[in-house]
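Please read this briefing with the sequence and the 3D view side by side. It begins with a term that the later points rely on, and then moves from the whole chain to single residues.

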Amino acid sequence: MKNLLFIGCIVLTTCVTLGEVKAAEPGWSSVIVATGEYREQLDKTPIVSRPYRPFHFYGNTVRRMHYRGTPLPTPRDLVTTGLFPIMMRNR
């Protein structure tokens with residue numbers, strides 16, 4: 001009986017934990033101005049599911065708020081977009 005109760009607790013814990021897992025944060029796209037089929041695909045995708053793109057301040061901010069809870073980019077984001085070397089040069 002104790003084994004059955006133990007297994008039931010494990011299954012319940014697993015179900016609750018998996019139910020709370022958010023989708024993975026989207027990656028980065030190097031395309032700044034989308035055209036053609038790629039643009040159509042992006043237009044059909046919810047803004048929080050679209051990839052981060054350089055200079056797309058509004059969309060990137062919405063995604064950061066959704067996935068991270070903060071609108072501020074991390075140093076990793078700045079390096080990814082290529083802005084970090086420019087910012088460091090202008091200091």
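A residue is called buried when its relative accessible area is under 20%, exposed when that area is over 50%, and partly exposed in between. With a relative accessible area of 48%, F55 is therefore partly exposed. The model discussed here is predicted, and the values below should be read with that in mind.

**The chain as a whole**
- The protein chain contains five helices and zero strands, so that, by the definition of these elements, its order from the N terminus is written α-α-α-α-α.
- Of the 91 residues in the protein chain, 18% are buried.

**The loop between α1 and α2**
- S29 belongs to the loop that runs between α1 (2-20) and α2, and, because its relative accessible area of 13% is under 20%, S29 counts as buried.
- When its neighbours within four places in sequence are left aside, S29 is in contact with Y38, P51, Y52, R53 and P54.
- A polar atom of the S29 side chain also lies 3.2 Å from the backbone nitrogen of V31.

**The loop between α2 and α3**
- F55, the partly exposed residue described above, is found in the loop between α2 (36-44) and α3 (57-68).
- The phi angle of F55 is near 70°, which is a positive value in a residue other than glycine.

**The loop between α3 and α4**
- L72 sits in the loop that lies between α3 and α4 (75-81), and, because its relative accessibility of 59% is over 50%, L72 counts as exposed.
- L72 and N60 are 12 residues apart along the chain, and their C-alpha atoms are separated by 9.6 Å.

**Aromatic rings**
- The structure holds one aromatic pair.
- R63 lies over the face of Y52, at 5.4 Å from the ring centre, and Y52 is also one of the residues in contact with S29.

Notes
Residues are numbered from 1 along each chain as its sequence is written. This is a predicted model: local features need pLDDT of at least 70, side-chain atom pairs count only at pLDDT 80 or more; totals for chains, interfaces and linings use all residues. Side-chain values use heavy atoms; hydrogens and water are left out. Helices (H or I, at least four residues) and strands (E, at least two) are DSSP runs, numbered from the N terminus. Buried means under 20% relative accessible area, exposed over 50%, partly exposed in between (1.4 Å probe, protein chains only). Rings of Phe, Tyr and Trp (its six-membered ring) pair if their centres lie within 6.5 Å; planes under 30 degrees apart count as stacked, over 60 as edge-to-face and the rest as tilted. A charge sits over a ring if NZ of Lys or CZ of Arg is within 6 Å of the ring centre and within 35 degrees of the ring normal. A polar contact is a pair of N or O atoms within 3.5 Å; within protein, one must be able to donate a hydrogen and the other to accept it, and residues adjacent in sequence count only if both atoms are side-chain atoms. Contact means heavy atoms within 4.5 Å.
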